[in-house]
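Here are my notes on this one, written as numbered points. Have the coordinates open while you read.

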Amino acid sequence: MFGTILLAVDGSKYSEKAVELAKRLAMATNDEVVVAHMTELLPARFQTFPGFEQEADQEIVELAKGYVAELEEAGVKARVELRTAQYGGVARFLTNLAEDLDAGLVVMGSHGRGDLTALLLGSVAHKVLHLSQRPVLIAR
């Protein structure tokens, strides 16, 4: 039905719900799921030391790989895409990745880990909804 489902994860409880939605859809439609996680690079003035973001994000990277294993165990073809994006650029990167993959659907949680940032700048989900040329399913 969708061909490829892009599943954006960040380790939040809403992200967990998105995984379940993507799994149910992919099982019903026999689509591939690409589990994507972007490590957001902080501006240099906020870095405590080089490589901080990657070390701090390692738990979620492992979680994303675990989602792929979970999906494969359920009989869903899945793979992981781990990337980095400049601070504030995650939504644009996700929409570009959806285009590159020719994804028929983007699935993500309604709120991520950065709730304070979302209040100040707007959530990644909100930005993806406005930027995406692909259908977006938001898990609440």
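1. Some ground rules before going on. This is a predicted model, where local features need pLDDT of at least 70 and side-chain atom pairs count only at pLDDT 80 or more, while totals for chains, interfaces and linings use all residues. Residues are numbered from 1 along each chain as its sequence is written, and side-chain values use heavy atoms, with hydrogens and water left out.

2. Now the overall layout. The protein has 5 helices and 5 strands, and along the sequence they come in the pattern β-α-β-α-β-α-β-α-α-β. These elements are DSSP runs numbered from the N terminus: helices are H or I with at least four residues, strands are E with at least two.

3. A few totals for the protein. Of its 140 residues, 41% are buried; that word means under 20% relative accessible area, with exposed over 50% and partly exposed in between (1.4 Å probe, protein chains only). The accessible surface is about 7,700 Å², and carbon and sulfur atoms account for 53% of that. Areas come from the Shrake-Rupley method with a 1.4 Å probe, and for residues only the protein chains shown count as cover. Take the contacts (heavy atoms within 4.5 Å) between residues at least 6 apart in sequence: 76% of them join residues at least 24 apart.

4. Have a look at E2 next. With 9 of its 10 residues buried, E2 is largely enclosed by the rest of the structure. E2 pairs with strand E1 (residues 4–8) in the parallel sense over 5 bridges, and Leu 7 has Val 35 in E2 as its bridge partner. E2 also pairs with strand E3 (residues 78–86), again in the parallel sense, over 9 bridges; there Val 34 stands opposite Arg 79 in E3. Pairing requires DSSP to find at least two bridges between the strands.

5. Which residues of H1 are buried? They are Ser 15, Ala 18, Val 19, Ala 22, Lys 23, Ala 26 and Thr 29. These residues cover an arc of only 150° around the axis, which puts them on the same side of H1. The arc is taken from the directions that run from the helix axis to the C-beta atoms. Turned away from that buried side is a face with the exposed residues Lys 13, Arg 24 and Ala 28. As for length, H1 has 17 residues and reaches 25 Å from first C-alpha to last, close to the 24 Å expected at 1.5 Å a residue.

6. Back to H3, this time for its packing. Val 90, Ala 91, Leu 94, Thr 95, Leu 97, Ala 98 and Leu 101 are buried in H3. They cover an arc of only 155° around the axis, so they sit on the same side of H3. The buried residues of H3 pack against E1, E2, E3, E4 and helix H5 (124–131).

7. Two residues are worth checking for backbone angles. Most residues other than glycine have a negative phi. Just after H1, Asn 30 has a positive phi of about 65°, and its place is the loop between helix H1 (13–29) and strand E2 (32–41). Asn 30 is exposed, at 68% relative accessible area, and its C-alpha is 6.9 Å from that of Val 76, 46 residues apart along the chain. Asp 102, which follows H3, also has a positive phi, near 55°. Asp 102 is in the loop between helix H3 (90–101) and strand E4 (105–109) and is exposed at 52%.

8. Ser 132 lies in the loop between H5 and strand E5 (136–139), and its side chain reaches the backbone nitrogen of Arg 134 at 2.9 Å. The C-alpha atoms of Ser 132 and Leu 105 are separated by 10.0 Å, with the two residues 27 apart along the chain.

Methods:
Expected span 1.5 Å × (residues − 1). Polar contact = N/O pair within 3.5 Å; in protein donor to acceptor, adjacent residues only side chain to side chain.
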